[in-house]
Number of protein chains: 2
Amino acid sequence: MALTDEAIDKIKGMIVSGELGPGARLPKEADLAERLGLSRNSLREAVRALSMIRVLDVRQGDGTYVTSLEPNLLLDALSFVVDFHRDDTVLQFFEVRRVLEPAAAALAAERMLDDDIDKLQLILDDLGDDPTIEALVANDIEFHRQIAVGTDNAVLASLVEGLSGPTMRARIWRGLTQEGAAARTREQHQAIVDAIASRQPDLARSWATVHIAGVEEWLRRVL
Amino acid sequence: MALTDEAIDKIKGMIVSGELGPGARLPKEADLAERLGLSRNSLREAVRALSMIRVLDVRQGDGTYVTSLEPNLLLDALSFVVDFHRDDTVLQFFEVRRVLEPAAAALAAERMLDDDIDKLQLILDDLGDDPTIEALVANDIEFHRQIAVGTDNAVLASLVEGLSGPTMRARIWRGLTQEGAAARTREQHQAIVDAIASRQPDLARSWATVHIAGVEEWLRRVL
DNA sequence: TCCTCCTCATACCTCCGATGTATGGGATGG
DNA sequence: CCATCCCATACATCGGAGGTATGAGGAGGA
């Protein structure tokens with residue numbers, strides 16, 4: 001195993017063992033490199049890799065710190081990974097969304113705070129009668145994110161959010177708009193909100209399933 | 001943004017745009033560094049970060065290549081991330097598993113090949129009457145992996161596999177064994193196989209739910 | 001002719017030392 | 001007491017040097 005990989009494991013070990021808790025500051029590059037028995041360059045590669053997945057936070061002129069290690073931080077590296085996938089695997093991602101999003105909607109119907117439900121409604125209302133594609137995409141992301149957050153499960157929220165890259169969303173909404181299906185999709189969003197607001201998990205789950213399956217079906221036809 | 005981060009984006013762009021397809025070989029360090037306008041050291045940090053998440057595969061003495069970019073490769077970096085989490089967020093991961101695993105079991109009941117179902121049964125049979133903790137853990141991992149693979153959805157399989165780190169599994173089985181609950185857990189495994197073998201998705205889903213929820217409940221009590 | 005082994009060019013691995021640059025805090029002056 | 005300036009600190013980036021593993025091609029033998 002390469003020296004750098006060993007260094008990654010050692011730093012990981014220091015964190016997992018509790019020696020370095022969330023927010024803790026690492027020794028400066030030179031000291032840590034000496035302690036781990038390698039050069040600064042090699043250490044930097046290890047630190048860079050860990051900062052890529054949001055485990056470390058390096059601040060020039062200040063130091064290197066362990067992040068809060070909250071699930072949302074660690075999992076949103078996922079969206080970076082998703083970007084690499086092309087048409088052939090997109091349907092697989094969608095199949096997973098069809099599992100997760102209904103579950104999230106159902107949980108939201110049980111747990112979401114009333115204030116947050118109001119916010120959810122406001123998100124839909126914010127969209128005018130003839131929004132641009134960009135507005136639709138941004139609104140769509142915000143809508144699904146708000147539901148995911150409402151499940152009170154950061155892991156689930158991050159997965160739902162990370163599993164569909166912005167690029168793919170843009171393509172989908174463009175296609176839906178061209179087909180004149182955007183209005184129906186927005187109606188489904190409203191139905192999901194209504195189900196959550198009336199605290200009907202089963203109904204929320206079903207509407208979410210219908211919603212995702214509809215988009216998935218369109219996507220399957222297009223590809 | 002740091003130079004290295006720019007380099008990461010540029011390499012990512014070369015891959016996403018199709019300039020570098022799966023299996024393609026990158027120019028050698030020196031050439032690529034010059035082309036991207038940075039030093040070899042900085043480029044190496046970028047390459048290291050991308051190889052961490054299995055996008056690039058560096059082979060000393062040979063060269064650096066783009067991986068197959070298959071979902072399982074890219075997502076099994078997930079288990080690395082999961083390892084960082086401690087007790088307080090483990091339950092969140094489990095809640096997601098309770099969503100994904102039943103769905104996987106149901107899909108497996110529909111799609112899994114007969115031969116693979118036989119293999120699944122063999123996995124359970126391989127375990128003797130008084131297995132060690134290590135054997136139980138290895139068997140457990142293999143069992144759930146086999147089901148996930150049977151869904152014919154690599155993304156789902158990777159998520160299911162990555163979402164529960166080996167460390168956590170070991171703790172769980174140790175605890176279950178101490179409570180004498182290991183036998184019941186193994187019976188649940190058998191029930192899931194039976195449901196899949198008899199092609200009953202609903203039954204498979206229910207047994208999987210019962211299985212995960214049972215472990216989750218035990219975990220909730222312990223923590 | 002075919003196979004095996006050896007040699008070598010190649011490409012990544014690791015390190016060093018130096019300079020550039022952003023940050024945070026303490027000293028300074030109002 | 002506060003705003004500003006200065007500087008020690010720590011990361012960012014660079015270029016070069018020597019080390020090591022790999023793969024391919026040539027030499028030699030069966």
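Q: How far does a backbone N or O atom of A:S39 lie from a phosphate oxygen of DNA strand C?
A: This is a predicted model, in which local features need pLDDT of at least 70, side-chain atom pairs count only at pLDDT 80 or more, and totals for chains, interfaces and linings use all residues; side-chain values use heavy atoms, leaving out hydrogens and water. Residues are numbered from 1 along each chain as its sequence is written, while chains are lettered from A and ligands numbered from 1 in the order in which they are written. A polar contact is a pair of N or O atoms within 3.5 Å; within protein, one must be able to donate a hydrogen and the other to accept it, and residues adjacent in sequence count only if both atoms are side-chain atoms. For A:S39 and the phosphate oxygen of DNA strand C, the distance is 2.8 Å.

Q: Which residue has a side-chain N or O atom 2.2 Å from a base nitrogen of DNA strand C?
A: A residue is near a strand if one of its heavy atoms lies within 4 Å of it. Of the 24 residues around DNA strand C, those that come nearest include A:L3, A:S39 and B:R44. B:E29 has a polar backbone atom 2.9 Å from a phosphate oxygen. The residue with the 2.2 Å distance to a base nitrogen is A:N41.

Q: What share of the atoms of DNA strand C within 4 Å of the protein belongs to sugar or phosphate?
A: The atoms of DNA strand C within 4 Å of the protein are divided between sugar or phosphate and bases. The sugar or phosphate share is 73%.

Q: Which element gives the most residues to the surface near DNA strand C?
A: Helices (H or I, at least four residues) and strands (E, at least two) are DSSP runs, numbered from the N terminus. Helix 1 and helix 3 of chain A, with helix 3, strand 1 and strand 2 of chain B, each supply at least two residues of this surface. The element that gives the most, with three residues, is helix 3 of chain A.

Q: How many residues of the surface near DNA strand D are charged?
A: Ala, Val, Leu, Ile, Met, Phe, Trp, Tyr, Cys and Pro count as nonpolar, Asp, Glu, Lys and Arg as charged, and the others, Gly among them, as polar. This surface has four nonpolar and twelve polar residues. The charged residues number ten.

Q: Which residue has a side chain joined to that of A:K12 by a polar contact of 2.9 Å?
A: A:K12 lies in helix 1 of chain A. A:K12 is buried (under 20% relative accessible area, with exposed over 50% and partly exposed in between; 1.4 Å probe, protein chains only), at 14%. Leaving aside neighbours within four places in sequence, A:K12 is in contact (heavy atoms within 4.5 Å) with residues including B:F80 and B:F84. The polar contact of 2.9 Å is made with B:D83.

Q: Why does B:E216 count as buried?
A: B:E216 is found in helix 12 of chain B. Not counting residues up to four places away in sequence, B:E216 touches B:L91, B:F94, B:E95 and B:R98. B:E216 counts as buried because its relative accessible area is 1%.

Q: What volume lies in the largest pocket?
A: On a 1 Å grid over the protein atoms alone, a cavity is a set of points where a 1.4 Å probe fits but cannot get out, and a pocket is an open set with protein on both sides within 12 Å along at least five of seven lines; lining residues have an atom within 4 Å of a point. Grid points are joined across faces, edges and corners, and a volume is the space filled by probe spheres set on the points. The volume is about 1200 Å³.

Q: Which helix gives the most residues to the lining of the largest pocket?
A: Among the 46 lining residues, A:D5 and B:R48 are two of the closest to the centre. By class, the lining has 19 nonpolar, ten polar and 17 charged residues. The helix that gives the most, with six residues, is helix 3 of chain B.

Q: What percentage of the residues of chain A count as buried?
A: Chain A has twelve helices and two strands, and its C-alpha atoms fill a box of roughly 60 × 40 × 30 Å along the principal axes. A:S158, in helix 9, is buried at 7% relative accessibility. Of the 223 residues of chain A, the buried share is 50%.
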